[in-house]
Amino acid sequence: MTTPQTPDAAGADHYVNPAPWNPYEEPALTPQQERYYLASQWRIMWWKLRRHRLAMISGGILALMYLSILISEFLAPYNLDTRHTSFIHAPPQAVHLFHEGEFVGPFVYGFSYELDMSSMKRIYTPNPEDVQPIRFLCLGDGYEFWGLVPGSFHLACPAEGGTLFLLGTDRLGRDMLSRLIYGARISLTVGLFGVTVSFILGIVIGGIAGYYGGWIDNVINRIIEIFQSFPQLPLWMALSAALPPTWSPLLIYFGITIILGLVDWTGLARAVRSKLLSLREEDFCTAAQLMGASPRRIIGRHLLPSFMSHLIASATLAIPAMILGETALSFLNLGLRPPITSWGVLLNEAQNINVVALYPWLMAPAVPVIVVVLAFQFLGDGLRDAADPYK
């Protein structure tokens, strides 16, 4: 059948198909299109996140660091409190593979030690005649795995009668790398627990304000404004100083976690409130109300899942703030205290500028703090982009 030609406004011919349109004759969707259109919101978010390479790399780094805290005793070359009184403030030992042109494998040179009587400073020099091969999957310092199971199996150990100080030692001769690995368990988990407290408060209080509105919303907003008017660091310091000094280290740890959560919930509460104020007028919310659903069910089953992706992205951006808060409080000697070991506690020992100038390896705990904070920021940016329905 010939398709008639009709002139358009500009005088050009175009083709018109006189046959009626039949939607069942439209071309079928390709498997890729069908897979995309039928995918859930979480799967679409995952596909978007995979295209964000920096976020994926950051997520991998964070996954490795959080997995490492499960086996800190195995990864650390020494026990947390093992002291080497003959190697106080020893510098880091470099790892070598070749000795005098021959492949030996991973090894370090032993130290030759002398005391400078004029400055009373310990001087360590590598001894090229003292080759100390690094042992792997070996028996070394004893420990109690998670404080429960005794063991002595390590990933890497020093040579028999040798030393392995890859990041040097502190003023008591304790290995800095081992203490940094143990400190990660506290510094990384304090962010998770703090965000949990913050999210519970923010979601509950913000959800009540956004769903009910009216005078309840006004009262909660005034409370949030009062909390946000206080300077954050002095408020942290005041609440931390109020903790009884007789508390055990474990109670101090949970006290600091709760303090960080109590101070940081206001921003999330306002975000939840603004989202619920707009979503409560939607048709699905009205339908749930007409069917007799309780406010608790409407908020928990219908409203919060509508922007759960936004909450996940907010969590990844809130955790580094918690880690920095714990580090700052411990650095100021108002947070966690020995015998608890965290990155902030380790940095507390490097407050003296003379110590930093003479023993710069004591600043090593600042490196994982920076890496973790940047990784969370990049992962949060990727999750925020993946959760945006308009991108």
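In the predicted model, the axes of helix H2 (residues 41–50) and helix H15 (residues 366–387) come within 8 Å and cross at roughly 130°. The two helices, H2 and H15, are therefore oblique to each other, since an angle over 145 degrees would be needed for a roughly antiparallel arrangement and 65 to 115 degrees for a roughly perpendicular one. The crossing in which H2 passes H15 is right-handed. On the side of H2, the contact is formed by Met-45, Lys-48 and Leu-49, and on the side of H15 by Gly-382, Leu-383, Asp-385, Ala-386 and Ala-387.

The cysteines were examined next. One disulfide is present in the structure, and Cys-138 is joined to Cys-157 by a disulfide with an S to S distance of 2.1 Å. The link of Cys-138 and Cys-157 is right-handed, with 110° about the S-S bond. Distant parts of the chain are linked by this pair: Cys-138 lies in strand E6 (residues 135–145) and Cys-157 in strand E7 (residues 149–157), 19 residues apart. Cys-138 and Cys-157 are both buried. A further cysteine, Cys-285, has 0% relative accessibility and therefore counts as buried, the threshold for that class being under 20% relative accessible area.

Note on methods. Residues are numbered from 1 along each chain as its sequence is written. This is a predicted model: local features need pLDDT of at least 70, side-chain atom pairs count only at pLDDT 80 or more; totals for chains, interfaces and linings use all residues. Side-chain values use heavy atoms; hydrogens and water are left out. Axes are lines fitted to C-alpha atoms, for helices over the stretch in contact, and angles run from 0 to 180 degrees between N-to-C directions. Helices (H or I, at least four residues) and strands (E, at least two) are DSSP runs, numbered from the N terminus. Angles under 35 degrees count as roughly parallel, over 145 as roughly antiparallel, 65 to 115 as roughly perpendicular and the rest as oblique. A crossing is left-handed if the near helix is turned anticlockwise from the far one by less than a right angle, and right-handed if clockwise. Contact means heavy atoms within 4.5 Å. A disulfide is a pair of cysteine sulfur atoms within 2.5 Å. Buried means under 20% relative accessible area, exposed over 50%, partly exposed in between (1.4 Å probe, protein chains only).
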